[in-house]
Amino acid sequence: MTNTAAAEWSRSFSDDPALAILRDALQDDAPGRSRKSLELAGDNIRERFLAGESVVDLVHLRAAVIDELLTHLWHAHADTSADIACLVAVGGYGRGELHPSSDIDIMLLLPEDLPAGCEPELSGFVTALWDVGLEIGHSVRSVEQCFEQARQDLTVATTLIESRLLAGPAPLYEALQATIAPDRLWPPAEFFAEKRKEQIARHHRYGDTAYNLEPNVKGSPGGLRDIQVIGWVAKRHFGVETFDELVGHKFLTPVQVRRLHEGRAFLWRVRFALHILTGRREDRILFDHQVKLAEMLGYEDATYTLAVEQLMQRYYRTVMDLSRINEMLLQLFEEAILMDPDAAPEPLNERFQVKNGFLQTVDEQVFANDPSALLELFLLLQQNPAIRGVSAYTVGLIKRNLHLIDEEFRQNPRNHRLFLAILRAPEGVTHELRRMNLYGVLGLYIPAFGRIVGRMQYDLFHAYTVDEHTLFVVSNLRRFALARFDHEYPHCSRIMQNLEKPEIAYLSGLFHDIAKGRGGDHSELGAVDAEAFCLEHGLSQYDARTVSWLVRHHLILSTTAQKKDIGDPEVVNEFASQVRDPAHLDYLYVLTVADVRGTNPKLWNSWKAQLFRDLYELTHRALRRGLENPIDREQLIIEKKSQAREALLETGTSGTQIDEVWTLFDDNYFLRHRPDEITWHTEWLADSDTASTTGLVDLRRQTKGDGVEAVLYTPRSHPTFAHVTAVLDELGMTIVDARITPLGNDYSLDTFIFMEADKGIEIDEARIAKIKRSLTRILTASEEGIVRVTRAAPRQVRVFKTATSVEFGDNPVDGQTIMELVAADRPGLLSKVGRAFLTHEIDIAAAKIMTIGERAEDVFYICRRDGSPLDAATRQSLRESLVTTLEI
């Protein structure tokens, strides 16, 4: 902003009530008048914001108020220096943009020879600023020092480029402007290249996505910093002060300028509200603030969407649009600053050509004359991987022609063929789907997809918006399909690369969550959409129904593996009857792994990977045998015993020792443990004195995965579950599985699988030794000695409120009671559940532990001490006890 522009908006506020309040308060001679005047003016601005006044005006008004206060203090404290030194606003303050708690950055620009007596004055001025309570960032430099520091540091240069003179001699400030001009340092080409690098690095810090669930309104992709980058580069190259001036340079259309201003105004409104809400400079839209922020900005809960979800969808759609404008403008700058404008284009076909490495239309009528070119463009990018991207001119042309994607366009068989060709391409599928989404094409071609663009789910389980998650799922499927990624998930890669029609997996990935937010079962609604889309696009009825079936049942493999006892052949046989054949199983398996990995990378672990693979292999075996010939419990036990015995004999354990240990185990033990676990437990017990002991503990790393397995041999009367879960929780572990087997000698064998809650911590040998010592100590501890878990729940978890729910069912196979618990996840949860079981004299056979963001969804297989299921009175008493305990 030039000083002329600053003077114009400053004059526009000359009679503003906030400035009048400030001036009146400054007339008071009472101590602290400056601080009080600033508070009164700030209160006035805050009230006007809450009343709905334009945030654009208020952001500039806040700067005008600070201008008035600083110039007042400047003349009051720097009397001699006022005609020698300059008071200069820099950074955001230099642009005349201040939010309630923004940093106020100033520079004291000094002549080369500062007269005696000026330094104490200037020091007193800075002290006065701190006394007023301003968050001041200040520097003191001469013109030569500005030049040297700006030459070495682009950040310094940028703050000086957008500086503004507040007070002092104009010639000294003009000398600064001449010194930092493009012909002296940071010419446009170098400035642009470095700013582009800065943006790429900043985007990388935010995961290269605007869709983080706790985005930074300033720094995240598509945020305010991206808008500022456009302004900086435009000012350096063209010398323009406003976005409107870029229209004259044919870099923006009036419509794009309006969208840029509207997007910035929305982000300013969010940031302004954040500062008011928190009382500090806060640019992160944390879960802690989102609900109150939505209320402050006037959003209300609707039938199927919460107010907070409406706010965040508006945010994500805004930053997506701003990202698109940012990309287009920076590419235009690149073409204008770094590339040869007279380069000869290389024709691709009659509609497209390549110039300076970028794909562009041959003229501006291409899309109007042939709307199908809006899809053909993405296929050409796949077929020509050497092309660097789409020219900025063509990106703008796409945006202006999106209206052509109407119902007639969607029903055109040529467009159907083009879309399927994009999905079936050997390379670039995910990349071009993301580009289609960014340019607004995908959401118009598949209107149901357009409704989920930017849609968030207010929880900790879903780390991305629905559209971003969907594209992550397709990306994961693509990685399975490409041989260069075989090392990541070899089993999934092998299955995916053997699928006859991988596009069925991609289509199911695109549609699996497409009905989120409509009300009703999104799987059922999405299945209807998927089948209709596939039939319209010429897929066979069988293929269309396969995609529909995958969408309808995309959750069943995950829920079966994580909530049911897959060691029970009845569970596997029931699941196999739902899947029906190996082809459906293969598609469902790769879709499930891709889906769970794409939901929240922090929740994916080797335990889930192994669990899903176990269910896949057990089901595949059941399908090979035929649904009419299901495997039975006895046969499975015989096979497991055979494999374990063979391994034990190889390690030197005698047949007699094996038989002696196995007399302690019942059938459920063999069903619920893998052969390698049976081998480990048997060898361990055979080498131990089990007759006269208070208990035994052993640990090992998982044979497949990065978790740790602990096994405890303790008297059945010992509160082992409550003890172990408390100890592991306090040590920062996440328990993923627990199995408790009563033995034939009044002892029990309890197995726990756990991992570090913090993935940044490595479980080394010293850590394992510490865990083993802690678990060994509980062997002699009483119920009163159960460790009290002091570890606090993470900040994000504490924001959400989850009502405790306890439901019971029956396991007809072994007569146990199945208890499903839904509660707010927190350290010590399982230990509290274990205490409740002790109080009600209940034994645990197994626990399936599943954490879904802030919510625990755990399943317990339990019974009375005599092995009988829980009666109605015990169930009700246990439910009341758990609800009371866990709601505290």
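Guide: Let us begin with a sheet. Helices (H or I, at least four residues) and strands (E, at least two) are DSSP runs, numbered from the N terminus, and two strands pair if DSSP finds at least two bridges between them. Here four strands form an open sheet with mixed pairing, in the order β3-β2-β1-β4. This is a predicted model, in which local features need pLDDT of at least 70 and side-chain atom pairs count only at pLDDT 80 or more, while totals for chains, interfaces and linings use all residues. Residues are numbered from 1 along each chain as its sequence is written, and side-chain values use heavy atoms, with hydrogens and water left out.

Visitor: Which strands stand at the edges of the sheet?

Guide: The edge strands are β3 (136-142) and β4 (164-167); each has a single partner strand, so one side of each is left without a neighbour in the sheet. From one strand to the next, the twist averages 30 degrees. Strand β1 (residues 86-89) pairs with β4 in the antiparallel sense over three bridges, and R164 in β4 is the bridge partner of A89.

Visitor: Which helix packs on this sheet?

Guide: For this we need contact, meaning heavy atoms within 4.5 Å. We also need directions: axes are lines fitted to C-alpha atoms, for helices over the stretch in contact, and angles run from 0 to 180 degrees between N-to-C directions. Helix α4 (residues 55-77) packs on the sheet and touches β1, β2 (104-110) and β4, its direction making about 45 degrees with that of β4.

Visitor: How do the axes of helices α31 and α32 cross?

Guide: Angles under 35 degrees count as roughly parallel, over 145 as roughly antiparallel, 65 to 115 as roughly perpendicular and the rest as oblique. The axes of α31 (residues 582-599) and α32 come within 10 Å and cross at roughly 175 degrees, which makes α31 roughly antiparallel to α32. Among the residues that meet are L585, Y589 and V593 in α31, and F612, Y616 and L623 in α32. The residues of this contact divide into eight nonpolar, three polar and three charged. In that count, Ala, Val, Leu, Ile, Met, Phe, Trp, Tyr, Cys and Pro are nonpolar, Asp, Glu, Lys and Arg are charged, and the others, Gly among them, are polar.

Visitor: Is Q610 buried or exposed?

Guide: Buried means under 20% relative accessible area, exposed over 50%, and partly exposed in between (1.4 Å probe, protein chains only). Q610, found in helix α32 (residues 606-625), has a relative accessible area of 12% and is therefore buried. Not counting residues up to four places away in sequence, Q610 touches R674 and K704.

Visitor: What covers the buried residues of helix α40?

Guide: Helix α40 (residues 829-839) is mostly covered, as eight of its eleven residues are buried; L830, V833 and F837 are among them. The cover includes helices α37 (720-730) and α41 (872-887) and strands β11 (733-742), β14 (817-824), β15 (842-848) and β17 (855-864). After α40 comes E841, whose phi is positive, near 55 degrees.

Visitor: How many residues of strand β12 are buried?

Guide: In β12 (residues 747-756), ten of its ten residues are buried. Strand β10 (residues 708-715) pairs with β12 in the antiparallel sense over eight bridges, and Y713 stands opposite L749 in β12. Strand β11 also pairs with β12 in the antiparallel sense, over nine bridges, and L749 is the bridge partner of T741. The hairpin of β11 and β12 has four residues between the strands, and D746 takes a positive phi there, near 65 degrees.

Visitor: Which residues of the largest nonpolar core touch the most other members?

Guide: A nonpolar core is a set of buried Ala, Val, Leu, Ile, Met, Phe, Trp, Tyr and Cys residues joined through side-chain atoms within 4.5 Å. Of the 210 residues in the largest one, W74, Y93, L134, F333 and F367 touch the most other members. Helix α15 (residues 307-337) gives the most to this core, with 16 residues. Another core, of 43 residues, lies apart from it and has L699, V708, A738 and I768 among its members.
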